[in-house]
Amino acid sequence: MTHPEAPDPGWVATVGRHASASSATRRRFVAPPRAAVDAACFAHPLFDALAPFSRLLAGAEWPSIEMLNGVLPLQDKRLVEQDAALLADGRHYEQRIAETGRIATRASNWHDLFNALVWARYPGIKRALNSGQCQHIRQTGPHARNRTQAALTQFDESGVIVRVRDARLLAAWDAHDWQALFVQGAGQWASGDIGVAAVIGHALMEQALLPTRLLVGKCLVVQGEDDAACIAAVARALDEGAVLQDPLELRPLPLAGIPGWHPRQDAGLYQQTAYFRPLRAGRGYPPPL
């Protein structure tokens with residue numbers, strides 16, 4: 001779950017169930033207590049797709065796992081509290097979902113609440129990610145991880161789907177010319193020529209509880225006019241194994257640069273080269289789907 005070009009100091013990968021021991025010992029993001037979260041943070045565009053579930057996020061009390069199962073459209077999946085009894089089945093987290101439909105969920109936990117909401121909002125994406133993980137677990141075993149699994153995990157935790165109408169809009173992004181992409185290109189974001197079709201990463205959502213954090217999305221780009229069609233295209237590509245064979249397929253996107261996504265988008269922000277990183281020599285990105 002690490003940024004392939006090393007994250008800025010303000011970006012810390014959240015350790016989820018996919019994390020290796022080495023990533024777990026590096027850094028762990030600790031989410032604020034529920035009572036300390038200002039409900040106004042959920043007005044950020046990153047949370048737009050979760051608007052139907054706003055009461056689950058902004059209420060004073062944690063929704064119980066029972067309540068979540070009652071109100072979320074999880075189809076044939078079910079949230080189950082992660083406790084010793086559940087873990088005694090010996091299954092890998094992903095295999096348990098595929099084989100039994102049970103999603104291990106920690107009670108009163110932001111990371112797992114956001115994971116549940118993404119399952120409800122983007123089931124095609126989550127099912128495809130789960131299927132891909134299980135395929136590789138069968139190949140490598142439950143305790144080893146290959147680069148495809150790393151790519152799937154990074155997208156699951158920090159993924160963003162970006163839609164573009166014209167692939168030529170990617171030239172600035174290809175070059176890490178952040179001023180051209182975000183400042184000179186602000187009109188293209190406003191017009192919808194380029195935009196965020198979906199935020200998939202539940203770790204991004206967790207970190208966005210602290211509004212000043214400088215977050216980096218791991219992006220798949222789709223050329224198209226319609227957000228829903230672009231999301232469906234990513235789900236198909238994942239199902240077919242056509243994307244995310246390697247973490248380097250993911251484009252890093254400093255989300256604070258998107259017009260309207262950070263409270264202080266002044267010259268000083270864009271001069272933070274530890275965040276708006278220059279292009280690494282030899283680095284390139286795949287064309288959009």
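Trainee: In which helix is Trp173 found?

Mentor: Trp173 is in helix α9, residues 171-174. Helices (H or I, at least four residues) and strands (E, at least two) are DSSP runs, numbered from the N terminus. This is a predicted model, in which local features need pLDDT of at least 70 and side-chain atom pairs count only at pLDDT 80 or more, while totals for chains, interfaces and linings use all residues. Residues are numbered from 1 along each chain as its sequence is written, and side-chain values use heavy atoms, with hydrogens and water left out.

Trainee: Is Trp173 buried or exposed, and how do you know?

Mentor: Buried means under 20% relative accessible area, exposed over 50%, and partly exposed in between, with a 1.4 Å probe and protein chains only. Trp173 has a relative accessible area of 0%, so Trp173 is buried.

Trainee: What is Trp173 in contact with, leaving aside neighbours within four places in sequence?

Mentor: Contact means heavy atoms within 4.5 Å. On that basis the partners of Trp173 include Val162, Trp178, Leu181, Cys219 and Tyr285.

Trainee: Why is Asn130 called buried?

Mentor: Asn130 has a relative accessible area of 7%, and therefore counts as buried. Asn130 is placed in helix α7. Not counting residues up to four places away in sequence, Asn130 touches Glu94, Ile97, Ala98 and Trp119.

Trainee: What makes α7 and α8 roughly antiparallel?

Mentor: Axes are lines fitted to C-alpha atoms, for helices over the stretch in contact, and angles run from 0 to 180 degrees between N-to-C directions. Angles under 35 degrees count as roughly parallel, over 145 as roughly antiparallel, 65 to 115 as roughly perpendicular and the rest as oblique. Helix α7 (residues 123-140) and helix α8 (residues 147-158) pack at about 155°, with axes 10 Å apart. The pair is therefore roughly antiparallel. Among the residues making the contact are Ile125 and Leu129 of α7 and Leu152 and Phe155 of α8.

Trainee: Why are α7 and α13 called roughly parallel?

Mentor: The axes of α7 and helix α13 (residues 227-240) cross at roughly 15° and come within 9 Å. α7 and α13 are therefore roughly parallel. Gly124, Ile125, Ala128 and Leu129 of α7 meet Ile231, Val234, Ala235, Leu238 and Asp239 of α13.

Trainee: How do the residues of that contact divide by class?

Mentor: The contact of α7 with α13 has 7 nonpolar, 1 polar and 1 charged. Here Ala, Val, Leu, Ile, Met, Phe, Trp, Tyr, Cys and Pro count as nonpolar, Asp, Glu, Lys and Arg as charged, and the others, Gly among them, as polar.

Trainee: Which residues touch the most other members of the largest nonpolar core?

Mentor: Leu72, Phe114, Ile125, Phe155, Ile161 and Leu253 do, in a core of 81 residues. The largest share, 8 residues, comes from helix α6 (residues 110-121). A nonpolar core is a set of buried Ala, Val, Leu, Ile, Met, Phe, Trp, Tyr and Cys residues joined through side-chain atoms within 4.5 Å.

Trainee: What is the phi of Gln75, and where does Gln75 lie?

Mentor: Gln75 has a positive phi of about 55° although it is not a glycine. Most residues other than glycine have a negative phi. Gln75 lies in the loop between α3 (65-71) and β1 (78-81). At 59% relative accessibility, Gln75 counts as exposed.

Trainee: What makes Ser108 partly exposed?

Mentor: Ser108 has a relative accessible area of 46%, and is therefore partly exposed. Ser108 is in the loop between β2 and α6, and has a positive phi of about 55°.
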